[in-house]
Amino acid sequence: MTNSLYQKHIVSITDLSREELELIVATAASIKTSPRPNLLAGKVIASCFFEASTRTRLSFETAVQRLGGTIIGFADGGNTSLAKKGETLSDSIQVISSYTDAVVMRHPQEGSARMASEFSSAPVINGGDGSNQHPTQTLLDLFSIYESQGTLDGLKVAFCGDLKYGRTVHSLAQALCHFGAEFTFLAPDELSMPDYLLEDFVDAGITFKRAEDFYEVAHEADIIYMTRVQKERFDETEYKQIASRYILTAEHLKEAKPNMRILHPLPRVDEISTDVDKTPHAYYFQQAENGVYAREALLALVLNESI
Amino acid sequence: MVEKKKLQVEAINTGTVIDHIPAGQGVKILSQLQLLGTDSRITVGFNLPSQELGLKDIIKVENRLFNETEASEMGLFAPKATINVIENYAVRDKFKMSVPEKLDGVFECPNSNCITHNEPVQSSFTVKERNNNINLKCKYCEKSFSKDIVAGL
């Protein structure tokens with residue numbers, strides 16, 4: 001039977017059903033324990049990074065190579081016909097997709113991946129479109145949650161830091177709506193979860209609340225999903241007052257449940273103190289490693305009718 | 001005795017009458033008509049007495065016959081209004097407005113970083129109504145905006 005992700009564009013996490021999310025997570029788990037070095041044999045994948053990226057680009061490229069595929073592409077849009085000759089993105093994608101079996105792309109403008117999918121003859125996989133979506137980050141987040149908790153259903157997930165602009169937070173919360181999660185939010189008022197998403201959570205029957213500090217969060221959560229409160233969102237005095245309240249330390253974790261794990265999309269600056277790294281709750285480096293397995297799973301499913 | 005019937009806004013020979021617009025929304029529809037690029041003669045009545053609404057606005061556009069798609073675009077601002085298409089002083093077509101599910105190529109996306117501003121694609125919004133608020137979500141950048149922001153009002 002053909003898997004439902006075969007030849008599908010992966011633009012937004014909201015395009016994926018619960019069953020598809022579960023299939024990707026299960027495939028990632030299977031590839032992690034039993035590598036499949038031939039799943040992309042003979043396939044050429046374009047890696048088009050019109051905007052710089054470290055983890056996403058390198059983990060995609062690692063994933064392709066571990067599955068036996070080959071990569072063409074660029075790590076920075078500055079040297080392409082778009083930048084040098086004023087070619088439109090839609091023209092570039094039409095040409096690149098005619099050379100390859102799939103196009104992985106990151107672009108600084110919101111909507112670029114959806115637009116590209118309308119012009120591409122090969123599946124487009126969104127590696128981040130401006131502040132909008134970054135679906136493969138959500139897939140590796142889900143895989144890390146599943147791996148550390150043994151389930152995706154009915155978990156208590158706390159989102160902390162910048163919940164207004166953080167696209168990883170939005171996408172993960174949208175994905176968890178399929179799994180009956182309970183959300184807790186810890187964020188400065190200026191960076192709280194947008195109303196349109198809260199409305200979606202209500203529609204999905206998700207319960208959520210706000211917390212006052214990390215002690216309250218750590219006490220109840222199965223997963224703490226950390227993000228950084230960025231300096232540029234505030235003036236300097238305001239930032240100094242706010243930032244210290246959103247730094248997680250080992251001290252906050254004394255009452256944490258044994259199964260609780262901390263995730264972070266990285267890069268971390270100072271929002272997780274390094275003393276947390278040594279606790280059994282830190283999971284962000286395993287999570288980053290899981291980026292390769294989640295992307296392997298996705299590429300394998302998009303490019304093979306069945307695996 | 002001859003019944004004395006006086007029209008609140010003069011009748012038109014040929015054109016479109018948008019009636020039963022909730023008072024206050026007429027201005028928005030007018031603005032929308034300009035967005036649609038019309039140069040027709042337009043007669044308007046604001047705050048006219050209405051049995052159903054208390055007060056209503058009415059707009060008459062001469063020599064321009066609206067189709068159902070245009071009616072649905074207008075429905076964003078007055079979902080309960082009626083559109084009468086008039087020919088030779090008689091009603092040829094009558095549509096009840098409703099909130100459209102989708103709006104393609106009508107408004108620009110308010111997000112200045114949306115890809116629709118510099119690539120050859122039409123804007124496209126899905127329309128969502130909740131608690132009497134109407135929001136439009138861009139198909140490309142996935143951002144949601146209130147209808148007034150999208151329409152630039």
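Buried residues make up 44% of the 153 residues in chain B of this predicted model. Buried means under 20% relative accessible area, exposed over 50% and partly exposed in between, with a 1.4 Å probe and protein chains only. Chain B holds three helices and nine strands. Their order along the sequence is β-α-β-β-α-β-β-β-β-β-β-α. Helices (H or I, at least four residues) and strands (E, at least two) are DSSP runs, numbered from the N terminus. Along the principal axes, the C-alpha atoms of chain B fill a box of roughly 65 × 30 × 20 Å. Of the contacts in chain B with a separation of 6 or more, 58% join residues 24 or more positions apart. Contact means heavy atoms within 4.5 Å.

Residues are numbered from 1 along each chain as its sequence is written, and chains are lettered from A and ligands numbered from 1 in the order in which they are written. Local features need pLDDT of at least 70, side-chain atom pairs count only at pLDDT 80 or more, and totals for chains, interfaces and linings use all residues, while side-chain values use heavy atoms, with hydrogens and water left out.

Aromatic pairs were searched for over the whole structure, and 10 were found over all chains. Rings of Phe, Tyr and Trp (its six-membered ring) pair if their centres lie within 6.5 Å; planes under 30 degrees apart count as stacked, over 60 as edge-to-face and the rest as tilted. The ring centres of F50(A) and F74(A) are 5.1 Å apart and the planes stand at 70°, so this pair is edge-to-face. F50(A) lies in the loop between β1 (44-49) and α2 (55-66) of chain A, and F74(A) in strand β2 (residues 70-74), so the pair ties together parts that are 24 residues apart in sequence. F50(A) has 12% relative accessibility and counts as buried. F74(A), at 22%, counts as partly exposed.

F183(A) and F201(A) also form an edge-to-face pair, with 5.2 Å centre to centre and 75° between the planes. This pair links distant parts of the chain: F183(A) is in strand β6 (residues 182-186) and F201(A) in helix α8 (residues 195-203), 18 residues apart. F183(A) is buried, at 2% relative accessible area. F201(A) is buried too, at 0%.

Helices α1 (residues 18-33) and α11 (residues 284-303) of chain A pack at about 115°, with axes 8 Å apart. Axes are lines fitted to C-alpha atoms, for helices over the stretch in contact, and angles run from 0 to 180 degrees between N-to-C directions. α1(A) and α11(A) are therefore roughly perpendicular (65 to 115 degrees; under 35 is roughly parallel, over 145 roughly antiparallel, the rest oblique). Residues of α1(A) that meet α11(A) include L23(A), I24(A) and I31(A). Among their partners in α11(A) are Y293(A), L298(A) and L301(A).

V64(A) belongs to helix α2 of chain A. V64(A) is buried, at 1% relative accessible area. Beyond its neighbours within four places in sequence, V64(A) contacts L40(A), I45(A), G69(A), T70(A), I71(A) and L299(A).
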